[in-house]
Amino acid sequence: MMKIDEVVEKLIKGEISFHEIDNLLEANAAMVARRLALEKILGIGLPSIGSTVIDYSEIKNKNAENVIGAVQIPLGIVGPIRVNGDYAKGDFYVPLATTEGALIASVNRGSKAATLSGGVRAKVLKDEMTRAPVFRFDSIEEIPNFLKFIEENVEKIKNVADSTSSHGRLKSITPFVLGNNVWLRFSFETGDAMGMNMVTIAVEKVCEFIEENFPSADCLAVSGNMCSDKKQTNVNSLFGRGKTVVAEALIKKDVIKNVLRSNAQLIHDINLRKNWLGTARAGSLSQFNAHFANIVTAIFIATGQDVAQVVESSSGYTWTEVRGEDLYISVTLPSLEVGTVGGGTRLPTQKEALSIMGVYGSGNPPSSNAKKFAEIIASTVLSGELNLLAALANRELGKAHARLGRAMKV
């Protein structure tokens with residue numbers, strides 16, 4: 001093994017590349033060498049980035065490459081929020097990582113209102129991770145036979161797919177046709193993992209099987225964008241990807257008055273005109289909500305989820321009804337993609353954040369922890385929606401951001 005200063009010198013001279021350091025030094029020494037070289041190349045200091053609890057040997061070839069340290073984001077909690085789900089039962093504190101002042105306070109007030117009204121009911125309606133390869137054919141003449149081949153060989157395809165993982169199980173195959181192209185949208189159960197890598201590996205093996213047994217089918221890409229990963233799409237909104245979750249609460253009149261300082265009719269009117277009419281006029285596909293993305297992103301960062309999947313995971317709908325002087329509110333998240341094992345969940349602070357909610361690791365039975373987590377997220381999203389609608393009704397939004405986002409006296 002070379003010494004750190006020798007490697008740094010070679011980096012500065014351009015004799016080796018940053019990624020090659022892992023072959024020359026122990027993992028954590030390689031992280032230090034990269035950072036020291038970058039500091040000298042740029043003429044700056046990076047002491048804060050270098051201050052991390054992450055053991056690079058634990059994330060090497062798993063989570064990131066060319067690592068020089070880590071960034072830190074403030075972490076706060078909301079709650080307790082009472083969740084009456086099939087998997088999440090009881091009062092929970094929920095970690096949110098954010099740099100947006102007022103967000104945590106906003107969600108916290110919403111969770112207080114929901115809890116004082118008896119809590120949030122939540123249900124996972126569907127749990128499937130998808131991958132959709134695209135196949136090319138010379139002519140549409142071959143497509144009916146191909147679709148028949150898939151239908152007649154479902155069990156063989158399932159055996160091939162399931163052989164690649166002890167947790168992934170193929171549930172369905174849905175074909176989509178455009179011209180001489182066919183997409184097969186494979187849906188899998190993936191246990192407590194979010195499962196995207198799991199299903200990609202499985203579908204690659206399936207594509208090999210299909211090409212061997214139906215030679216005119218040419219798989220161009222294992223992901224043909226009908227999956228649909230990291231995109232806001234109608235297919236995800238209609239068929240779901242990850243967890244399809246619904247949460248609801250009936251907010252009592254006294255709670256609306258004393259905690260939210262508003263009234264049910266005004267909150268409902270704003271929801272219809274802002275979240276439904278305004279969103280439709282703006283032309284959104286499936287973002288009929290006030291700020292799902294705020295809450296989902298903050299939880300994703302805190303717990304080591306794939307943050308880019310906020311694109312589809314924050315799609316959804318906020319619905320309200322006035323019932324007497326009470327307010328019924330529900331949120332529907334068609335494609336919430338989360339896991340409690342694998343990916344970034346193994347990182348030390350993210351692991352601890354999941355532990356705050358009692359969802360780290362594999363559940364018993366399998367998938368129960370991930371479903372519990374999804375119910376908690378949906379309940380937290382509902383809390384955030386409730387409070388923001390009330391803040392808009394009360395004309396408090398600007399004041400709250402001035403006080404908590406800019407430290408101004410208002």
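Is Cys-207 buried or exposed? Cys-207 is buried, with a relative accessible area of 4%. Buried means under 20% relative accessible area, exposed means over 50%, and partly exposed lies in between (1.4 Å probe, protein chains only).

This is a predicted model: local features need pLDDT of at least 70, side-chain atom pairs count only at pLDDT 80 or more, and totals for chains, interfaces and linings use all residues. Residues are numbered from 1 along each chain as its sequence is written, and side-chain values use heavy atoms, with hydrogens and water left out.

**View 1**
A disulfide is a covalent bond between the sulfur atoms of two cysteines. Here the term is applied to a pair of cysteine sulfur atoms within 2.5 Å. A search of the whole structure finds 0 of them. Cys-227 is in no disulfide either; its nearest cysteine sulfur, that of Cys-207, is 10 Å away. Cys-227 is buried, at 0% relative accessible area.

**View 2. Ser-106 in its helix.**
Ser-106 sits in helix α5, residues 103–116. Helices (H or I, at least four residues) and strands (E, at least two) are DSSP runs, numbered from the N terminus. Ser-106 counts as buried because its relative accessibility is 14%. Leaving aside neighbours within four places in sequence, Ser-106 is in contact (heavy atoms within 4.5 Å) with Asn-387 and Leu-388.

**View 3. Asn-181 in its strand.**
Asn-181 belongs to strand β6, residues 181–189. Beyond its neighbours within four places in sequence, its contacts are Val-134, Phe-135, Arg-136, Ile-143 and Phe-176. Lys-148 is 33 residues away along the chain, and the two C-alpha atoms are separated by 15 Å.

**View 4. Lining of the largest pocket.**
A pocket is found on a 1 Å grid over the protein atoms alone: an open set of points with protein on both sides within 12 Å along at least five of seven lines. Lining residues have an atom within 4 Å of a point. Of the 44 lining residues, the closest to the centre are Gly-304, Gly-344, Thr-345, Leu-347 and Gln-350. Helix α14 (348–356) gives the most to the lining, with 5 residues. Both α8 (196–213) and α12 (292–303) supply at least two.

How values were computed:
On a 1 Å grid over the protein atoms alone, a cavity is a set of points where a 1.4 Å probe fits but cannot get out, and a pocket is an open set with protein on both sides within 12 Å along at least five of seven lines; lining residues have an atom within 4 Å of a point.
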